[in-house]
Amino acid sequence: MLVDFRVNNCLSYKEDTLFSMVAGSRLRKWKDTHTMQLDDSLRVVKSAFIFGPNGSGKSNLFTAIKVLRSLLFNFENLNNIKQLRLPYQPFKLGSQQGKPTEFMISLFLDGALYDYEIQYNASLVLYERLHKTTNNLKEELFVRRWDGVDYSYDTAHSTAQELTKYTRNNTAFLSVLHVFNDSDALKVFDWFLHKILFLDEANRLSSHPLIRKLEEEPFKKEVIKLLKIADFSIQDVTARRVERREKNTIGYEFDTPEIIQEVDIDLHYLSFDEAGAPIGTETINWTMDSKGTVRMLHLACVMVDAYNKGKTIFIDEFDTAFHVSICEFLMAIMNSKRNTSNQFVVTSHEIELLDQPLRSDQIWFVNKTFKNESELYSLFDFADLQKKRGDLSYAKRYLKGEFGATPVINEYLSEQYLDEAEVSEQ
């Protein structure tokens, strides 16, 4: 379960930036449905929605988590002599080149809170720390420091100390502990491997493992149920395996025996006669259906597969190809009592969603400064929020600029451009 994520000097996030799923302590609204109690002192929200203009850095927050994940998997095996390159992607539009990137992530796993922190540059890891809290008992599992010449390690267990000799300067010590089956490292890696899912348009759906599960009848039945609720009129889905060869840039198949297994999907709709009476079903291949239908099919597969498995699902451009009513339906699922263990982190441009049943600690904004730096902040942090009437529209206040994170149209250049167009037409 994701609790906090902090990033510094990565992509468009130049300064120290915190994203948190921790529920606001003074908020009681929708506490029973929109939040989850993890232990006696920790409660998190089930979903978070991030708004902001194009190019502000919303997607970069997700990418930063992917960068951390790739950093942890930057260690293949003990016998690999190849020096793997660190995924160093600092803020490039300032003086940050060469300065370290910093990540901190807090995860609640099997009744314990893990705080993991790492700092590194293009060539080596500079600092690393893993901290564990169980029933208010705090334990520092290890600290790793670079003094400019060599590393020093403080470890809670002697077995971990022995593994420091296997740790290269471009490798996370946590990765080495994972390879040697350290119990705490295994839990953290399991989250990165199996408990997070990124849903974006870059995914090739036909080769996605979840799409293949449509071959399973119980799974397909639940997916179709969601599609029908969302008024997609799909009666059935047929999935079948197909083979594909990779093609080069000019479209010819490579002469290689390597075959890629994919899934082809047929969607079955009711067919009607002129009087409106049903006469059977007709089949449409998913490549010929609408973008919204295919995206909803993918998202339905994700939700059915993740049902109460304690996953954190990141959905970029949530409202792409969806009517606002579909978005509202999906939000209702995310924040329902039916959802007891999953988290959803969503980016969106759909301003109307601000007025859906959301707590202020579930709403985030990303603003890009004039120096092209991304700033992330929560609606919960606005001090005057509780002083105004609760029935005031967040969407209207956002459009008025009260929360920032809105695009600024250059009126002078806009008028100049339109004048040029009028002159060219004459």
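Predicted model: local features only at pLDDT ≥ 70, side-chain atom pairs only at ≥ 80, totals over all residues.
Are Lys14 and Glu373 buried or exposed? Both residues are buried.

In general terms, oppositely charged side chains can pair when their charged atoms come close. In this model the count of salt bridges comes to 16, and I shall discuss some of them.

The pair Glu217 and Lys220 belongs to helix H7. Their closest N and O atoms are 3.5 Å apart. Because these two residues are 3 positions apart in H7, about one helical turn separates them. Lys220 has a relative accessibility of 9%, so it counts as buried.

The next salt bridge joins the side chains of Arg240 and Asp266, at 2.6 Å from N to O. Here distant parts of the chain are linked: Arg240 is in strand E12 (residues 234-244) and Asp266 is in strand E13 (residues 260-272), 26 residues apart. How do the two partners stand in terms of burial? Arg240, at 35% relative accessibility, counts as partly exposed, and Asp266, at 13%, counts as buried. There is also a network: Lys213, Asp305, Lys309 and Lys311 are joined into one by salt bridges that share partners.

Met288 is placed in the loop between strand E14 (278-285) and helix H8. With a relative accessibility of 67%, Met288 counts as exposed.

I turn now to the second largest pocket. Its space is about 290 Å³. Which residues lie nearest its centre? They are Leu226, Met303, Tyr307, Ile333 and Arg338, from a lining of 13 residues. By class, that lining has 8 nonpolar, 2 polar and 3 charged residues. Helix H7 (217-229), helix H8 (291-306) and helix H9 (324-334) each supply at least two lining residues, and the largest share, 4 residues, comes from H7. The lining also draws on two domains, with at least three residues from each of domain 1 (1-201 + 316-425) and domain 2 (207-305).

Finally, I come to strand E15 (residues 312-315). Which way do its side chains point? Thr312 and Phe314 point one way, Ile313 and Ile315 point the other way, and all are buried. E15 pairs with strand E11 (residues 196-199) in the parallel sense, over 4 bridges, and Phe198 stands opposite Phe314. E15 is also joined by 4 bridges to strand E16 (residues 343-348), again running parallel. In E16, Val346 is the bridge partner of Ile315.

Thank you for your attention.

Key
Residues numbered from 1 in each chain as written. Heavy atoms only, no water. 1 Å grid on protein atoms, 1.4 Å probe; cavity = no way out; pocket = protein on both sides within 12 Å on 5 of 7 lines; lining within 4 Å. Points joined across faces, edges and corners; volume = space filled by probe spheres on them. Nonpolar A, V, L, I, M, F, W, Y, C, P; charged D, E, K, R; others polar. Domains from an automatic or database assignment. Buried < 20%, exposed > 50% of the residue type's maximum accessible area, 1.4 Å probe, protein only. Salt bridge = Lys/Arg side-chain N within 4 Å of Asp/Glu carboxyl O. Pairing = 2+ DSSP bridges.
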